[in-house]
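Colleague: I am new to this one. Can you put it on the screen and walk me through some side chains?

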Amino acid sequence: MSGGSSESSPLSGQNSFSSLSSFKDLELSSESGCLSIVVLGASGDLAKKKTFPALFHLFQQGFLQAGEVHIFGYARSNLSDDGLRERIRGYLKGASDEHLSQFLQLIKYVSGSYDSGEGFELLNNTISEYETSKNNESGSYRRLFYLALPPSVYPSVCKMIRSYCMNPSSHTGWTRVIVEKPFGKDLDSSEKLSAELGKLFEEDQLYRIDHYLGKELVQNLLVLRFANRLFLPLWNRDNIANVQIVFKEDFGTEGRGGYFDQYGIIRDIIQNHLLQVFCLVAMEKPVSLKPEHIRDEKVKVLQSVEPIKHEEVVIGQYDGYKDDPTVPDESNTPTYASVVLRVHNERWEGVPFILKAGKALNSRKAEIRVQFKDAPGDIFRCKKQGRNEFVIRLQPSEAMSRTLDWKWQLNKVSWTYPTGCATKMLKSQKHMSVLSWTR
């Protein structure tokens, strides 16, 4: 998985919840009993840079209680418990040594193959030993499997989970499997993967995720659009000239070309991360915040997208890509792509949505840039100064800014809204005010 640095964790911002008490006004069902979190592919890049740091943030904020949770790593690498702990220690930031040690002690490691029952039987026995040792009064055992693995091994791993590692039928609780993008390489492989997983698990046992949806400002796009009257009359083809959704990385494959070369920048970034952001920017207001209602509006937007024109697609590959020993010498996989989406509906007819993504570029950032049309009958010649813009920076240093022309000197003004404003408004159901602005 590509997609930026560890800052992409949805829980890494300063405005994240500090404890469970922050949820006191929300209706959440509480569960008790042993929770076993199993990270498959624990020795890999995704696990150490993303998965374990995310679990650590949850532990810091009180969502994972030491007395109720244990974390199991599973991979083919020959490691000990301490070996895995040392491997991920350097990626766990922002805590005292004591707090860090408490979290690391929750982690155990099991080595085994992804297509052999022997390793998964050992994993199941290790989990069962933990569950039995807890003297669980409720008798509820919960098992959560996170697949930090390439999609090619999803079917075999899920078969092993189904055969050897399901929650014991003699106890209450559940078994759930988290599957992260990409879901196959094309439509056929995606449908095949869904069919194979569907034979093994019920739909409520499968969680398909895109980690980009966990970013604070991505989560707040619906709040920003539909809870602020300022944007309601502006968010359409009458006022907006174009929308640019940009993802840039200032580093290349860095030894991960074996994975990246199979997918390229379009499959790795554009058709999942940026397309999800595009849907949230362009969709109509859902009936409610229920997942199925949000999904329905996303689908309507995608169904309204016209076929992409060849002349509105640009692809490229950065110099030095094939110098990576993990990349085939004859590779023509794109590391940069720009594509224009045109939505054929009443709101967006004629407004291009420009999606750009690339590796080894001049900077690292992800942002949504909304450019407004020029003022009609402009007597100040503002076109020389550039268009009015509203920019939402997703990473790094999350922020929202608006650029205006003003005064006779035609200086630029940019208002910067502190990150978390929309989040705080959602939590408290109070109006958001501008806390600060810079000129």
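**A walk through the side chains**

Modeller: D261 lies in helix α9, residues 257-282. Helices are DSSP runs of H or I with at least four residues, strands are runs of E with at least two, and both are numbered from the N terminus. This is a predicted model, where local features need pLDDT of at least 70 and side-chain atom pairs count only at pLDDT 80 or more, while totals for chains, interfaces and linings use all residues. Residues are numbered from 1 along each chain as its sequence is written, and side-chain values use heavy atoms, with hydrogens and water left out.

Colleague: Is D261 buried or exposed?

Modeller: D261 is buried, meaning under 20% relative accessible area; over 50% is exposed and in between is partly exposed, with a 1.4 Å probe and protein chains only.

Colleague: Which side chain does D261 join in a polar contact?

Modeller: The side chain of T333, at 2.9 Å. A polar contact is a pair of N or O atoms within 3.5 Å; within protein, one must be able to donate a hydrogen and the other to accept it, and residues adjacent in sequence count only if both atoms are side-chain atoms.

Colleague: What else is D261 in contact with, leaving aside neighbours within four places in sequence?

Modeller: Besides T333, there are Y321, V327, P328 and S331. Contact means heavy atoms within 4.5 Å.

Colleague: Changing topic. How many aromatic pairs are there?

Modeller: The count comes to 12 aromatic pairs. Rings of Phe, Tyr and Trp (its six-membered ring) pair if their centres lie within 6.5 Å; planes under 30 degrees apart are stacked, over 60 edge-to-face and the rest tilted. F278 and F353 are edge-to-face because their planes are at 85°, with ring centres 5.1 Å apart.

Colleague: Where are F278 and F353 in the chain?

Modeller: F278 is in helix α9 and F353 in strand β10 (residues 352-358), 75 residues apart. Both are buried. Y318 and Y321 also form an edge-to-face pair, since their planes are at 75°, with the centres 5.6 Å apart. Y318 and Y321 are both buried.

Colleague: Which residues have a charge over a ring?

Modeller: The charged end of R176 sits over the ring of W174, 4.0 Å from its centre, and K359 lies over the face of F260, 5.4 Å from the ring centre. The rule asks for NZ of Lys or CZ of Arg within 6 Å of the ring centre and within 35 degrees of the ring normal.

Colleague: Back to salt bridges. How many in the whole structure?

Modeller: A search finds 14. One of these joins K49 and D45, with the closest N and O atoms 3.4 Å apart. K49 and D45 are 4 residues apart in helix α1 (residues 45-60), which means about one helical turn between them.

Colleague: And which salt bridge partner does E389 have?

Modeller: R369, with the closest N and O atoms 2.6 Å apart. E389 lies in strand β12 (residues 389-395) and R369 in strand β11 (residues 365-372), so the pair ties together parts 20 residues apart in sequence. Salt bridges that share partners join K365, E367, R369 and E389 into one network.

Key
Lys and Arg count as positive and Asp and Glu as negative; His and the chain ends are not counted. A salt bridge is a side-chain nitrogen of Lys or Arg within 4 Å of a carboxyl oxygen of Asp or Glu.
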